[in-house]
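Please look through the structure shown here slowly, moving from its open spaces to its chains and then to a single residue.

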Amino acid sequence: MSDEYAIDVRGLNKHFGDKHVVKDVGLQVRRGEIFGFLGPNGSGKTTTIRMLCGLLKPDAGSGTCLGYDIRRDSARIKRHVGYMTQKFSYWDDLTIRENLDFVARMYGMPDRLEAVDRTLKGLGLMERANQMTGALSGGWKQRLALAACKLHDPELLLLDEPTAGVDPGARRDFWEELHRLSAAGISVLVSTHYMDEAERCHKLAYIAYGSLLAQGTSQEVIAAQGLITWAIYGGNLAGLSETLQKLPGVEQTVLFGAMLHVSGRDGDLLERTLRATAAGAAFRMEKVDTNLEDVFIYKMKQSADQNGIGT
Amino acid sequence: MSPLDGFSLSRWWSLVLKEFLQLRRDRLTFAMIVGIPIVQLALFGYAINTDPKHMPTAIIGADHSEMTRTMIATMKTSGYFDIVGELPDEEAGRAALARGEVQFVLNIPAGFTRRVLRGERPALLVEADATDPMATGMALASVNQLARSVATKDLTGPLAFLAGGQAPFEVRVHRLYNPEGITRYNIVPGLMGVILTMTMVLMTGLAITRERERGTMENLLAMPAKPIEVMTGKIVPYIAIGLIQSTIIILAARFAFRVPFAGSAVTLYLAVLLFVAANLTVGITMSSLAQSQLQAMQMTMFYFLPNILLSGFMFPFQGMPAWARFIGNLLPLTYFNRLTRGIFLKGNGWWDLWPDIWPLMVFTVVVMAIAVTFYRRTLD
């Protein structure tokens, strides 16, 4: 079992004071898989990741990370896991080389200097190795952080919103790198807010208000909701969206610029409503595949209703 | 003038309001605004006394007579001397002075009264721990009046002839450890503890909160480093800094200020190490409590103030009221001041220093326990 899963945890719970921030979360991440961890801000993603790498002790729940017990073996887990924090967490007042050298020393790497040189070359930062890390731009800091957290050849990377605030080109490079690592057998758990990134993952989990709402491949996650979605173009879409929300069969409307997605579980009822309301020359409509964003907005609203929180 | 380029009162007022809102939320700053004046008022107004009274005095006296009783009673009524007990001989008197148990020893030689009555004008010896000239100055001045007042009270009737003319006996004063009453002999060794307190507490406090403030602590803890390694690894450099600072002060004391050095350098460095350890535990505790470097600085200020005022560094310890001495006795600097002055000026060895060493050890252990408890909590 430990060979099959990089992460296999069940029933994780964590309280901070009287706030229950992680509720019965279970995750199964296969080796070599890129696993996307999605959810709104404050949903418990970071707390879950911290429990996985042994920074926090779960109040309840158990499981293994790389085959090591997350409660008892946190020291061994840390050795084989690379954790990239949400906020850049290397030392601004050390040079790039000093930072990497420090990391290599912390992991007691036998061929330390060589590993540091290799990483610097891989980053293309050889010439800037003696610059202060604080002088790097956001994109470079992100690349350095990824390089530093995989310096000790970890088997599993835990990346907490690694691409937040990074430009699209750097994001694309970053994901190409993740797929290369994955092909080399390294497992990756990556949290993100971006739907295009979610679709690049082999598997996904969606968490909101501390509870895991969905887990599987993106197709599985979408199919599990049984939502039928229509796209509507043209006219006053904002006005139409408001009208439709009150009508039978319409469970959700999402405006994507020049396109309105209208979703519901009862396909026939939804179609009748749409034909009666939005038919005519002003609007064009077609049935489309429900996408991840539709599903996540839907799930979040459901969860908010259950938690008694208005949306 | 358009409203955009003039000074806008409402805009200005909204800035003032925002500042007040933030100040009110920043509890530590708020505490400083209110707390510092109150603490300063209490300390300067009630605790500090540059004319200290009620200083512990021991008596070596083989001679018990009406006259010596009057003499002791007169000393008591002067307010400067509290008689704390009798000692068997001069050696015990010196030891009590060295350990700082007493400030004065009154030595009444055997047959004193008889010799006074014979008109031989015998001498009475008052030995004083003059390390801090401020503490002993006024008291010793009052001693000179002693002979005169005893004479007018006891030498009456047929003995009245002894009271007239010259004083019936002589009071000799020995100012030990700092016979010339040079203030810097007292201040410079004391400064060592003050500087170490400031840097040790502040530097460790900042070093650890800086990691937390910048988010690098999480990274450190996600690496295989154990919390004990992180904590001790961050602190050792400051122990080295403490030793360097001490060396600078010792050298300056010796060669620039010509402070006598009667004790052993090894003893002094061991005392410094113990004191550094005590201060580091305080720094670690503060760094666990403080959310930011600013808060760590503010907490250090709070800690520093009583240390400077109540430890006997600036003002005589014995001159403070009991409550202030009680607070002073909780501060490591109080003991370290006695240690450095004891080693520098009195040449004290381990036996004499022990009364001020064990409290430092207890302090270190207790605060370390607190530090570890808080430190653990901050990880979770």
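Predicted model: local features only at pLDDT ≥ 70, side-chain atom pairs only at ≥ 80, totals over all residues.

Two or more lining residues come from each of the elements β1 (55-61), α15 (332-346) and α16 (350-379) of chain B, and α15(B) gives the most, with seven residues. When the lining of the second largest pocket is sorted by class, ten residues are nonpolar, twelve are polar and ten are charged.

Chain A has eleven helices and 14 strands, and its C-alpha trace spans about 70 × 45 × 35 Å along its principal axes. The domain assignment of chain A gives domain 1, made of 5-93 + 132-221, and domain 2, made of 227-289, with the C-alpha centres of these domains of chain A lying 36 Å apart. If one takes the contacts in chain A between residues at least 6 apart in sequence, 69% of these contacts join residues at least 24 apart. Of the 311 residues in chain A, 52% are buried, while the chain exposes about 14,000 Å², of which carbon and sulfur atoms supply 49%.

Where does A:Gln142 sit in chain A? A:Gln142 is found in helix α5 of chain A, and because its relative accessibility is 6%, A:Gln142 counts as buried, the cut-off for that word being under 20%. Leaving aside residues up to four places away in sequence, A:Gln142 touches A:Met84, A:Pro162, A:Thr163, A:Val166 and A:Phe174.

The helix that holds A:Gln142 leads on to another kind of space. Rolling a probe the size of a water molecule over the atoms shows where empty space is left. How many cavities of 30 Å³ or more does the count give? The count comes to one cavity of 30 Å³ or more, and the space in the largest cavity is about 50 Å³. From chain A, the residues that line the largest cavity are A:Tyr83, A:Tyr90, A:Val103, A:Tyr107, A:Ala148, A:Cys149 and A:His152, and from chain B they are B:Asn219, B:Ala222 and B:Met223. Helix α5 (138-149) of chain A and helix α10 (216-222) of chain B each supply at least two residues of this lining. By class, the lining of the largest cavity has eight nonpolar residues, two polar residues and no charged residues, whereas the lining of the second largest pocket includes ten charged residues.

Terms used:
Residues numbered from 1 in each chain as written. Chains lettered and ligands numbered in written order. Heavy atoms only, no water. Helix = DSSP H or I, 4+ residues; strand = E, 2+ residues; numbered from the N terminus. Nonpolar A, V, L, I, M, F, W, Y, C, P; charged D, E, K, R; others polar. Buried < 20%, exposed > 50% of the residue type's maximum accessible area, 1.4 Å probe, protein only. Contact = heavy atoms within 4.5 Å. Areas by Shrake-Rupley, 256 points an atom, 1.4 Å probe, with all protein chains shown as cover. Domains from an automatic or database assignment. 1 Å grid on protein atoms, 1.4 Å probe; cavity = no way out; pocket = protein on both sides within 12 Å on 5 of 7 lines; lining within 4 Å. Points joined across faces, edges and corners; volume = space filled by probe spheres on them.
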